[in-house]
Amino acid sequence: MKKRKLTLAFLCMLFASKSTFAQETQTDSTQTENNNYHSRKLKIEEMNFVTGYYVQNGNNAAVTGGIGDENLTDIATTFNISLAKYDEKDNKHSLNLEMGVDAYTSASSDKIDPSTISSASNADMRIYPSVNYLYQNDKNRYKVGAGYTMSSEYDYTSNGLNALFSKWSKDKNKEVTAKASVFLDQWKVIYPIELRPVGYGSGSEHGSGQIDTEDRNSYNFGIVYSQVINQNLQLALLADYGYQEGLLATRFHRTYFTDGSKKVENLPDTRTKIPVGLRASYFLGDNMVLRGFYRYYTDNWDVQAHTASLEVSYKITPFVSIAPSYRFYTQTQAEYFAPYSMHDPQSSYYTSDYDLSKFTSSLYGLNLRFANLNDKFFIDNLNSLDIRYGYYNRSTGLNAHSITFALNFK
């Protein structure tokens with residue numbers, strides 16, 4: 001469901017597993033002493049298993065016009081495996097396979113039809129497999145990759161393609177990476193029960209009647225320049241451009257007007273997004289790393305936002321580290337937003353989705369990491385265990401908790 005974008009973004013920030021594009025080059029254990037030879041055999045390079053639980057509550061559900069229960073729970077699990085081999089010219093080929101499944105329940109979505117206890121989207125399951133290929137040429141200092149991803153749930157399907165090119169300097173201190181992606185989505189147009197056209201179906205799994213299906217396409221391009229300034233400081237500059245077209249409104253969101261009338265949410269069918277950012281890592285000796293991030297965002301819906309975060313990673317022992325983090329976010333109100341019963345009846349576009357309201361938010365995180373477990377506990381290939389907790393609080397009253405467990409095998 002479109003409404004779950006906050007949930008998914010929050011979960012991704014806390015426990016997104018590594019993709020092929022994010023992995024560092026691994027040295028093959030079968031190298032000869034001169035380090036000029038790599039095994040030609042295909043091998044499993046890395047595996048990750050991540051599972052997490054997310055719960056939120058609030059009182060600004062867009063389904064009921066900006067008021068009402070926002071309680072939601074989500075259980076998400078992902079597993080990925082990275083395979084690699086070297087060809088005759090010592091170029092590296094990597095393949096990353098990932099499968100994700102999450103199941104959620106949503107109190108607000110169940111208000112699409114308040115007369116039922118199981119309307120169109122009070123609960124659902126999402127499945128999202130992906131495959132990514134990466135070619136790395138160390139002699140000419142570049143990487144090129146491509147991937148496919150798919151996501152499916154009851155009322156929504158998405159197919160995505162992505163591509164990457166990266167080039168680094170001879171001393172490996174500078175790197176430029178360009179990424180592009182396209183997502184082609186289709187989703188069923190579900191209306192609140194009292195606002196459905198005559199003869200229109202409910203959209204529920206066992207409901208009768210036909211419903212419409214609409215497209216929504218997203219195109220993204222990003223570039224990252226990273227540089228090692230010195231042995232302590234690393235910086236990265238990030239810039240992105242995003243464009244969406246199609247049905248961007250969620251039709252089962254109600255909006256209420258000052259004259260007492262109500263309609264389904266209506267938004268423009270295009271949106272342009274431009275974020276730019278700076279990421280920095282500073283190493284304070286052997287045991288502590290500071291990681292900072294800042295991003296400025298603007299779009300043509302009149303939303304402007306600032307994000308700033310800081311993480312302090314401290315190695316307690318060679319096997320245990322702890323990393324508290326904090327992220328602050330603030331945004332302006334979209335041009336088309338108004339609270340419950342505050343919309344002008346003459347407006348062309350209107351929403352009471354508080355994701356488009358003016359607000360500030362804080363995300364407090366804590367990560368406990370146990371590394372080199374195969375050496376410590378003699379468990380073959382088990383490299384690390386991460387236990388992560390996050391607490392999210394928004395000035396509108398919404399808050400959320402998340403706890404995740406991540407296992408890495410190498």
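How much accessible surface does the protein chain have, and what share of that surface belongs to carbon and sulfur atoms? The accessible surface of the protein chain comes to about 20,600 Å², and 57% of it belongs to carbon and sulfur atoms. The points below concern a predicted model, and every value in them is computed from that model.

1. Overall make-up. The protein chain contains 2 helices and 18 strands, and of its 410 residues 43% are buried. Among the contacts in the protein chain with a separation of 6 or more, 61% are accounted for by residues 24 or more positions apart.

2. The structure holds 11 salt bridges, and in one of them the side chains of R126 and D102 meet with an N to O distance of 3.2 Å. This pair links distant parts of the chain, since R126 belongs to strand β4 (residues 123-137) and D102 to strand β3, 24 residues apart. Both partners fall under the 20% limit for a buried residue: R126 has a relative accessibility of 13% and counts as buried, and D102 is buried with a relative accessible area of 1%.

3. A103 is found in strand β3 (residues 92-106) and, at 31% relative accessibility, counts as partly exposed, whereas D102 is buried. A103 and R126 are 23 residues apart in sequence, yet their C-alpha atoms lie 6.3 Å apart in space. When its neighbours within four places in sequence are left aside, A103 is in contact with T73, D74, I75, D124 and M125.

4. The salt bridges around E194. The side chains of E194 and K262 meet in a salt bridge of 2.8 Å, N to O. Because E194 lies in the loop between β7 (174-188) and β8 while K262 lies in strand β11, the pair ties together parts that are 68 residues apart in sequence. E194 is partly exposed, with a relative accessible area of 35%, and K262 is partly exposed as well, at 32%. R254 also takes part here, as E194, R254 and K262 are linked in a network of salt bridges.

5. V264, in the strand that holds K262. V264 is found in strand β11 (residues 262-264) and is buried, with a relative accessible area of 14%, whereas K262 is partly exposed. V264 and R251 are separated by 13 residues in sequence and by 5.4 Å in space, C-alpha to C-alpha. Leaving aside neighbours within four places in sequence, V264 is in contact with Y191, P192, L195, R251, H253, T255 and Y350.

6. The salt bridge of R394. R394 forms a salt bridge with D355, in which the closest N and O atoms are 3.1 Å apart. Here too the pair links distant parts of the chain, with R394 in strand β17 (residues 382-394) and D355 in the loop between β15 and β16, 39 residues apart. R394 is buried, with a relative accessible area of 4%, and D355 is buried at 12%.

7. Aromatic pairs. The count comes to 12 aromatic pairs, including the stacked pair of Y219 and Y243, with 6.5 Å from centre to centre and 25 degrees between the planes. Y219 lies in strand β8 (residues 213-228) and Y243 in strand β9 (residues 233-246), so the pair ties together parts that are 24 residues apart in sequence. Y219 is partly exposed at 31% relative accessible area, and Y243 is partly exposed at 25%. W301 and Y336 form an edge-to-face pair, 5.9 Å from centre to centre and with 85 degrees between the planes. That pair joins the loop between β13 (288-299) and β14 (304-315), which holds W301, to the loop between β15 (320-331) and β16 (359-371), which holds Y336, across 35 residues; W301 and Y336 are both buried.

8. Other ring arrangements. Y135, Y142 and F165 form one aromatic cluster. The charged end of R216 sits over the ring of W187, 4.9 Å from its centre, and K263 lies over the face of F257, at 5.5 Å from the ring centre.

9. A nonpolar surface patch. V176, F221, I223, Y225, I229, L235, L237, Y241, I274, V276 and L278 form a nonpolar patch on the surface, with about 860 Å² of accessible area together. Two or more residues of the patch come from each of β8, β9 and β12 (270-284). One of its members, Y241, lies in strand β9 and is partly exposed, with a relative accessible area of 39%.

Terms used: Residues are numbered from 1 along each chain as its sequence is written. This is a predicted model: local features need pLDDT of at least 70, side-chain atom pairs count only at pLDDT 80 or more; totals for chains, interfaces and linings use all residues. Side-chain values use heavy atoms; hydrogens and water are left out. Helices (H or I, at least four residues) and strands (E, at least two) are DSSP runs, numbered from the N terminus. Buried means under 20% relative accessible area, exposed over 50%, partly exposed in between (1.4 Å probe, protein chains only). Contact means heavy atoms within 4.5 Å. Rings of Phe, Tyr and Trp (its six-membered ring) pair if their centres lie within 6.5 Å; planes under 30 degrees apart count as stacked, over 60 as edge-to-face and the rest as tilted. A charge sits over a ring if NZ of Lys or CZ of Arg is within 6 Å of the ring centre and within 35 degrees of the ring normal. Patches are made of residues with over 30% relative accessible area and no salt bridge: like charges are joined within 9 Å, nonpolar side chains (Val, Leu, Ile, Met, Phe, Trp, Tyr) within 5 Å. Accessible areas come from the Shrake-Rupley method with a 1.4 Å probe; for residues, only the protein chains shown count as cover. A salt bridge is a side-chain nitrogen of Lys or Arg within 4 Å of a carboxyl oxygen of Asp or Glu.
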